Amino acid sequence: MEHGGLHQAHILLVLQQLSVQGIALTKKESHQLCDAILYHDIGRTNDDVDDSHGAKSKDIYYDAAPECNSATAFLIEYHCLDDRKALADLKASNIRNKERVWLLYTILKDADALDRVRFGMRAVDPKYFRNEMARKLLPTAQSCVGQLKL
């Protein structure tokens, strides 16, 4: 399956690079993002387009994680959905620090998209990146392909 541990490792590496490149996150935000990365695809049953796997992954997160966080659950559930739906639902939610959660969402979406380089450069369209740092990290993501082993 293309969305296993190696995919998670690539995204964690991109997250680390984003923080090095200037997107400052608090310790709590970094923890939320790491948890979201670990759980975001765990509900996947195939590698096809699947808008429902985020909700399945969120349910697994709630069942498995010792301390669940509503912002992390949001990131997990909405990472595979349209930005407009995610933003509307975030605004309507009781999640605090919505602006920061939205930043985490955009980072997760960009890091997930950057890892598509494993399918070839044609699988990545930088015009859809949400953060300028993601564009700058495209060569880094490309150089990671084949370098990480589990």
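Author: Helices (H or I, at least four residues) and strands (E, at least two) are DSSP runs, numbered from the N terminus. In this predicted model, local features need pLDDT of at least 70 and side-chain atom pairs count only at pLDDT 80 or more, while totals for chains, interfaces and linings use all residues. Residues are numbered from 1 along each chain as its sequence is written, and side-chain values use heavy atoms, with hydrogens and water left out.

Reader: How many helices and strands does the protein chain have?

Author: The protein chain has seven helices and zero strands. From the N terminus on, its elements run α-α-α-α-α-α-α.

Reader: How does one describe two packed helices?

Author: One gives the angle between their axes and the distance between the axes. Axes are lines fitted to C-alpha atoms, for helices over the stretch in contact, and angles run from 0 to 180 degrees between N-to-C directions. Here, helix α4 (residues 70-78) and helix α6 (residues 98-114) pack at about 35 degrees, their axes lying 10 Å apart.

Reader: Which residues make this contact?

Author: Contact means heavy atoms within 4.5 Å. From α4 come A71, F74, L75 and Y78, and from α6 come V101, L104, Y105, L108 and K109. By class, the contact has eight nonpolar, no polar and one charged residues; Ala, Val, Leu, Ile, Met, Phe, Trp, Tyr, Cys and Pro count as nonpolar, Asp, Glu, Lys and Arg as charged, and the others, Gly among them, as polar.

Reader: Which residues of the largest nonpolar core touch the most other members?

Author: Buried means under 20% relative accessible area, exposed over 50%, partly exposed in between (1.4 Å probe, protein chains only). A nonpolar core is a set of buried Ala, Val, Leu, Ile, Met, Phe, Trp, Tyr and Cys residues joined through side-chain atoms within 4.5 Å. Of the 25 residues in the largest core, F74, L75 and V101 touch the most other members. Each of α2 (27-39), α4, α5 (83-92) and α6 supplies at least two residues of this core. A second, separate core of seven residues includes L114, F129, L137 and L138.

Reader: Why does D110 count as buried?

Author: D110 counts as buried because its relative accessibility is 0%. This residue is found in helix α6. Leaving aside neighbours within four places in sequence, D110 is in contact with Y128, F129, R130, N131 and A134. The side chain of D110 reaches the backbone nitrogen of R130 at 2.9 Å.

Technical notes: Polar contact = N/O pair within 3.5 Å; in protein donor to acceptor, adjacent residues only side chain to side chain.
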